[in-house]
Amino acid sequence: MAHDSLYAAPPSTGAETERAAGRLAGLRAALGSWDAAVVAALVLAVLLAGVSVQNFATGRNVQFLLLDLVPLALLALPMTLIVITGEIDLSVASTVGLCSTLMGQLWLSSGLSLELICVLVVLLGGALGAVNGLFVTGFGLPSLAVTIGTLALYRGLSFVVLGDQAVADFPASWTAAAVRNIPGTSIPVAVVPVLLLALVFGVVLHATSTGRALYAMGNNDQAATFAGVSVARTKFWLFVASGAVCGLVGIFWTLRYASARGDNATGLELTVVTAVLLGGVSIFGGRGGLLGVVAGVLLLGVLRNALQLADVDANALTIVTGALLIASVVLPNAVADVRARLHRRRQRANPVAP
Amino acid sequence: MSAHRRGFRFGATGLALAALLLSATACGGTTRENSGDDSGAGNQASGAANPDAKIKEGLKIAFLPKQVNNPYFTVSDNGGKTAVSEIKGEFKEVGPSEASASSQVSYINTLSQQGMDVIVTSANDPNAICGALNQAKAAGAKIVTFDSDTKPECRQIFVNQATAEGIAETQVKLISTQIGGAGEIAVLSATANATNQNAWIELMRQELTKPEYSKINLVTVAYGNDDDQKSFQETQGLLQSYPNLKGIISPTTVGVAAAARYLSGSQYKGKVKLTGLGTPNQMRQYVKDGTVDAFALWNPADLGYLAAYAGAALASGQVTGAEGEKFTAGKLGEYTVGTDGVVVLGPPTVFDKNNIDQFDF
């Protein structure tokens with residue numbers, strides 16, 4: 001938890017180090033239980049919806065549900081890593097919009113092949129992310145402010161690129177591919193790259209020294225720097241990765257809806273942040289994991305899909321999303337707080353023998 | 001990491017990128033020129049229509065507006081609800097809280113999943129919801145669009161609120177009656193390149209060449225950019241530049257409301273006539289205080305009502321969406337399907353102090 005680490009004095013005595021270690025263990029337990037809770041909630045939601053909501057448990061619905069989740073799942077991957085370092089990228093939806101209109105404009109007027117355009121769009125996305133990264137790490141500005149700025153800037157630019165026009169004459173073979181299922185199943189092909197990227201991000205976060213460094217940064221930037229982690233460089237590349245993934249999502253979005261337009265993906269950033277926090281990542285940084293986030297994304301998707309099928313109206317859906325966001329911020333903190341208090345009481349009750 | 005290794009890594013990244021770019025360009029690829037395949041050839045009208053078929057009972061008809069919580073669509077969907085209860089069907093209104101095409105797609109999928117007989121929708125994007133609509137059609141639903149159309153091949157019938165001719169005729173007729181058939185008039189439009197407004201203004205000019213309007217002189221077109229403040233100032237400017245001005249036509253809801261606000265607080269109130277396209281809620285106070293005699297807009301409730309009947313006629317096999325087919329839409333009477341499956345609601349409704357309180361949108 002960030003406020004713990006913020007106020008943590010440099011370890012001076014052995015007892016204090018021990019207590020810190022105990023606290024860390026407690027945190028790890030809380031983290032594990034949150035992951036488990038989200039997965040359990042997901043299983044419960046699927047079972048409940050399958051039993052009580054008509055037309056939920058059909059192949060066609062699985063296809064619809066997963067297709068709706070692809071952009072959210074992709075964007076949540078780099079966002080998880082960024083939030084773990086204690087930063088945030090609110091510009092993702094606008095970056096998706098700008099990548100989409102750039103793709104449309106290139107297709108409309110450049111005469112380049114669509115294959116090349118796709119590569120260019122991912123690179124451009126990376127460049128847009130690099131702008132965020134530069135402002136955050138190069139000039140040391142808070143990412144919240146920087147990415148709120150680029151949220152507006154990129155959305156504005158996407159309307160500059162295409163105005164209120166839409167480009168829609170993409171080849172049908174491409175737009176059909178975006179929604180095609182894996183032969184013989186009702187799972188969209190688009191899920192495969194999502195899983196691959198999830199694997200890559202999962203390995204980086206949980207099985208490499210870079211991943212451990214991300215948690216260290218989230219807990220304490222300065223301590224991480226002293227420990228020999230290049231905080232600025234790592235964060236910079238995280239924002240680049242986020243931008244490049246936005247480029248991918250921009251391509252998928254454009255092809256799936258066969259329409260490149262300035263308002264594509266408007267407002268998606270809040271859903272992405274909700275999914276990440278619901279997945280157990282602490283908004284203060286330093287805590288969370290990719291499994292929980294994937295479960296969080298799925299839980300959000302299943303809830304929306306099932307409620308929509310059950311004819312719950314749009315306002316209620318928005319309320320549910322908002323309530324989930326608040327619950328996912330408040331609950332883990334409350335749990336950790338209670339655990340810490342219990343732990344302290346136990347320590348007081350059993351004083352360590354001299 | 002040593003400088004040497006870092007250099008190596010950047011070199012490798014650069015090489016990989018270059019290779020990626022080269023391979024993407026080299027192997028031909030899909031360009032605008034060679035992508036011959038047409039996007040989704042649609043079935044305009046499949047099967048034969050049986051004009052004598054009765055409207056089926058118990059049809060499940062769903063309305064999917066551009067967004068919920070929008071007064072205009074609430075009124076039109078309620079019109080649809082009235083029609084559906086007349087034919088003893090099941091009515092449902094669903095929709096996103098923000099007017100985006102992507103969330104409409106997810107609702108279309110849901111409705112298709114629920115086995116709706118008819119989906120009546122107003123498209124947030126003419127292309128983006130096409131794929132989902134075609135899927136829903138393949139699953140057995142009939143598709144009617146209203147207010148905002150999709151590409152013709154993605155739906156069976158589009159219920160058009162008004163033709164450009166109908167709008168131009170009504171506006172000219174209104175201003176002519178109000179100024180007594182003679183004098184200078186001006187137009188306060190939206191932006192200089194607004195497609196709809198420019199088409200209407202062009203048709204108004206043609207309409208004004210008719211003998212009965214020979215004493216009316218259209219002196220200028222001002223542009224308020226659909227911005228309240230700018231429209232307000234442009235109205236002021238018009239009255240200063242043309243002291244003999246008798247009337248203003250503002251075929252945009254923002255413009256007409258701003259012009260009415262300026263006139264109602266000026267010495268010209270009641271002397272310079274104003275008409276245009278506006279909503280009753282915006283214009284109510286100006287009609288009541290005598291600034292505006294009458295203005296026009298299509299009636300959204302009738303629009304929804306007609307769309308529901310069109311959907312029911314499709315689902316009952318009375319029509320297929322082919323040109324020339326006829327169906328009866330309850331109290332509105334008989335309608336004929338035009339080219340590209342378009343059904344036109346009719347001339348706009350005129351609102352004045354006698355009927356304005358019957359409308360709330």
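The contact between the chains takes 36 residues from chain A and 35 residues from chain B, where two residues are in contact if their C-beta atoms, placed from the backbone, lie within 7 Å. This is a predicted model, in which local features need pLDDT of at least 70, side-chain atom pairs count only at pLDDT 80 or more, and totals for chains, interfaces and linings use all residues. Residues are numbered from 1 along each chain as its sequence is written, while chains are lettered from A and ligands numbered from 1 in the order in which they are written.

**The side of chain A that touches chain B**

- Two or more residues each come from helices H3 (59–84), H5 (114–138), H7 (172–179), H13 (290–309) and H14 (314–349) of chain A; helices (H or I, at least four residues) are DSSP runs, numbered from the N terminus.
- H7(A) gives the most to this side, with five residues.
- By class, this side of chain A has 16 nonpolar, 12 polar and eight charged residues (Ala, Val, Leu, Ile, Met, Phe, Trp, Tyr, Cys and Pro count as nonpolar, Asp, Glu, Lys and Arg as charged, and the others, Gly among them, as polar).

**Helix packing within chain A**

- H3(A) packs against helix H8 (residues 191–207) of chain A at an angle of about 15°, with the axes 10 Å apart; axes are lines fitted to C-alpha atoms, for helices over the stretch in contact, and angles run from 0 to 180 degrees between N-to-C directions.
- H3(A) is therefore roughly parallel to H8(A) (angles under 35 degrees count as such).
- The crossing of H3(A) past H8(A) is left-handed, meaning that the near helix is turned anticlockwise from the far one by less than a right angle; clockwise would be right-handed.
- Among the residues that meet are Leu66(A), Val70(A) and Leu77(A) of H3(A), with Val194(A), Leu197(A) and Phe201(A) of H8(A).
- The contact of H3(A) with H8(A) has 12 nonpolar, no polar and no charged residues.
- The axes of H5(A) and helix H11 (residues 231–256) of chain A come within 6 Å and cross at roughly 145°, in a right-handed crossing.
- The contact of H5(A) with H11(A) has 17 nonpolar, 10 polar and one charged residue.

**Domains of chain B**

- The domain assignment gives domain 1 (60–161 + 300–345) and domain 2 (164–297) of chain B; such bounds come from an automatic or database domain assignment.
- The C-alpha centres of domain 1 and domain 2 of chain B lie 32 Å apart.

**Confidence in chain A**

- Chain A averages a pLDDT of 87, and 90% of the residues score at least 70; pLDDT is the predictor's confidence in each residue, from 0 to 100.
- Over residues 1–14 of chain A the pLDDT is below 50, and this stretch has 16 contacts in the model beyond near neighbours in sequence.
- Where pLDDT is low, the predicted coordinates should not be read in detail.

Terms used:
Angles under 35 degrees count as roughly parallel, over 145 as roughly antiparallel, 65 to 115 as roughly perpendicular and the rest as oblique.
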